[in-house]
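Trainee: Hi! Could you walk me through this one? I'd like to learn how to read it.

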Amino acid sequence: MQPEEEQKDPFNSVMVQFFVKIMRTMFLGLFWMLVNVFLGLFLGMGVPDESTPGRLIFFYAWLVLTLAAYLYVVWRWWRKKLPPP
C-alpha cells in the first residue's frame, strides 16, 4: 500500500474569513437600505409632498446618523488585519 497524501482543505481559512467579512458588509448595507427605503418611500417620510417638515427632518437626520454608524461598524470590521496564509 502506498501512503496516502494528505488532502489539503479546498477552502483556506483566511479566504473564508475574507468572504465572511464581505458577506457581513453586504448584508448589513442591504439591510440598512431596506429599512431606509421602507421608512422613506413606503411610509412617505422622505417624500416632501407627502410629509411634514418635522418628519422630513427626523427622517434625514436618521438617515445620516445611521449611515455614519454603518460606516463606523464596517470600518471596525475591515481595520482588523487577517493572519497571513
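This is a predicted model: local features need pLDDT of at least 70, side-chain atom pairs count only at pLDDT 80 or more; totals for chains, interfaces and linings use all residues.

Trainee: Where does G46 sit?

Mentor: You'll find G46 in the loop between α1 and α2, and α2 covers residues 53–79.

Trainee: And which residues does G46 touch, if I skip the ones up to four places away in sequence?

Mentor: With those left out, G46 touches L39 and G40, and also L56, F59 and Y60.

Trainee: Okay, zooming out. How many helices and strands are there?

Mentor: The protein has two helices and zero strands.

Trainee: What share of the protein is buried?

Mentor: Out of 85 residues, 19% count as buried. The accessible surface of the protein is about 7,500 Å², and carbon and sulfur atoms account for 72% of that.

Trainee: What about contacts between residues 24 or more positions apart?

Mentor: Take the contacts with a separation of 6 or more: 56% of them join residues 24 or more positions apart.

Trainee: New topic, charges! Which residues make up the positive surface patch?

Mentor: That patch is formed by R24, R76, R79 and K80. R24 belongs to helix α1, which runs over residues 13–42.

Trainee: Why does R24 count as partly exposed?

Mentor: Because its relative accessibility is 49%, and partly exposed lies between the 20% limit for buried and the 50% limit for exposed.

Trainee: And K21, is that one buried or exposed?

Mentor: K21 is buried, at 14% relative accessible area. This lysine is in helix α1 too.

Trainee: What is K21 in contact with?

Mentor: Setting aside neighbours within four places in sequence, K21 contacts W77, W78, K80 and L82. You've met K80 already, in the positive patch.

Trainee: Last one: which residues form the nonpolar patch on the surface?

Mentor: F11, M15, V16 and V20 do, and together they have about 350 Å² of accessible area. M15 lies in helix α1, and its 44% relative accessibility is why M15 counts as partly exposed.

Trainee: Thanks, that helps a lot!

Notes: Residues are numbered from 1 along each chain as its sequence is written. Side-chain values use heavy atoms; hydrogens and water are left out. Patches are made of residues with over 30% relative accessible area and no salt bridge: like charges are joined within 9 Å, nonpolar side chains (Val, Leu, Ile, Met, Phe, Trp, Tyr) within 5 Å. Accessible areas come from the Shrake-Rupley method with a 1.4 Å probe; for residues, only the protein chains shown count as cover. A salt bridge is a side-chain nitrogen of Lys or Arg within 4 Å of a carboxyl oxygen of Asp or Glu. Lys and Arg count as positive and Asp and Glu as negative; His and the chain ends are not counted. The place of a charge is taken as NZ of Lys, CZ of Arg, CG of Asp or CD of Glu. Helices (H or I, at least four residues) and strands (E, at least two) are DSSP runs, numbered from the N terminus. Buried means under 20% relative accessible area, exposed over 50%, partly exposed in between (1.4 Å probe, protein chains only). Contact means heavy atoms within 4.5 Å.
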